[in-house]
Amino acid sequence: MPIEVKGVEAVLQAFGKARKETGKRIEDSLRQCGEILLTASLPLVPVQTGKLKGSGRVEVRGRGLAATASVIYEAPYAIFVHENLEARHAPPTQARFLADAIPKVRGTMTALLKRSLTAGVRDLK
């Protein structure tokens with residue numbers, strides 16, 4: 001006795017649409033997470049000329065579910081300022097200005113990404 005399954009094409013189309021929409025949401029959320037981290041790190045960035053602080057930006061690469069986000073300080077000396085734990089900076093600025101900002105905003109970023117993913121699942125209903 002053959003079994004006939006109907007509606008498979010519609011289900012696959014719904015999954016494809018949800019995947020595309022979820023991918024776009026993830027890209028947007030990753031950019032927002034990058035902006036949140038950049039904003040949290042700015043008060044910690046040591047300032048001598050302002051070039052380092054002004055060189056921070058968010059970059060999103062890739063598309064959809066393969067997207068990644070980075071917070072980048074482009075001043076050529078950024079890595080040296082970030083990693084020099086011996087240098088003294090006027091509070092609240094400090095070395096490790098980017099790395100130390102992460103724990104401060106991790107919960108906010110995680111919640112934002114979770115909302116993006118769960119919204120995509122809800123779209124399938």
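Let's start on the outside, where Tyr 77, Ile 79 and Phe 80 form a nonpolar surface patch with about 320 Å² of accessible area together. A patch like this gathers residues with over 30% relative accessible area and no salt bridge, joining nonpolar side chains (Val, Leu, Ile, Met, Phe, Trp, Tyr) within 5 Å and like charges within 9 Å. Accessible areas come from the Shrake-Rupley method with a 1.4 Å probe, and for residues only the protein chains shown count as cover. Tyr 77 sits in the loop between strand 2 (68–73) and helix 3 (78–83). Its relative accessibility is 31%, so Tyr 77 counts as partly exposed; that label covers the range between buried (under 20% relative accessible area) and exposed (over 50%), with a 1.4 Å probe and protein chains only.

A quick word on what you're looking at: this is a predicted model, in which local features need pLDDT of at least 70 and side-chain atom pairs count only at pLDDT 80 or more, while totals for chains, interfaces and linings use all residues. Residues are numbered from 1 along each chain as its sequence is written, and side-chain values use heavy atoms, leaving out hydrogens and water.

Now step back to the whole protein. Its secondary structure comes to 4 helices and 2 strands, and along the sequence they follow the pattern α-α-β-β-α-α. Here helices (H or I, at least four residues) and strands (E, at least two) are DSSP runs, numbered from the N terminus. Of the 125 residues, 30% are buried. Among contacts (heavy atoms within 4.5 Å) with a separation of 6 or more, 64% link residues 24 or more positions apart.

So what's on the inside? The largest nonpolar core has 18 residues, and Leu 37, Leu 52, Val 71, Tyr 73, Phe 97 and Leu 98 touch the most other members. Helix 1 (8–41), strand 2, helix 3 and helix 4 (102–123) each supply at least two residues of this core. A nonpolar core is a set of buried Ala, Val, Leu, Ile, Met, Phe, Trp, Tyr and Cys residues joined through side-chain atoms within 4.5 Å. Take Leu 37: leaving aside residues up to four places away in sequence, Leu 37 touches Val 71, Leu 98, Ala 101, Ile 102, Val 105 and Met 109.

A search of the whole structure finds 1 aromatic pair, formed by Tyr 73 and Phe 97, with 5.1 Å from centre to centre and 85 degrees between the planes, which makes it edge-to-face. Tyr 73 lies in strand 2 and Phe 97 in the loop between helix 3 and helix 4, so the pair ties together parts 24 residues apart in sequence. For such pairs, ring centres of Phe, Tyr and Trp (its six-membered ring) lie within 6.5 Å; planes under 30 degrees apart are stacked, over 60 edge-to-face, and the rest tilted. Both Tyr 73 and Phe 97 are buried.

Finally, the charges. The structure holds 6 salt bridges, each a side-chain nitrogen of Lys or Arg within 4 Å of a carboxyl oxygen of Asp or Glu. One of them joins Lys 24 and Asp 28, with the closest N and O atoms 2.9 Å apart; the two are 4 residues apart in helix 1, so about one helical turn separates them. Elsewhere, Glu 59 bridges to Arg 57 at 3.0 Å and to Arg 61 at 2.5 Å, again between the closest N and O atoms. Glu 59 counts as buried at 18% relative accessibility, whereas Arg 61 is exposed at 54%. Through shared partners, Arg 57, Glu 59, Arg 61 and Glu 74 join into one network.
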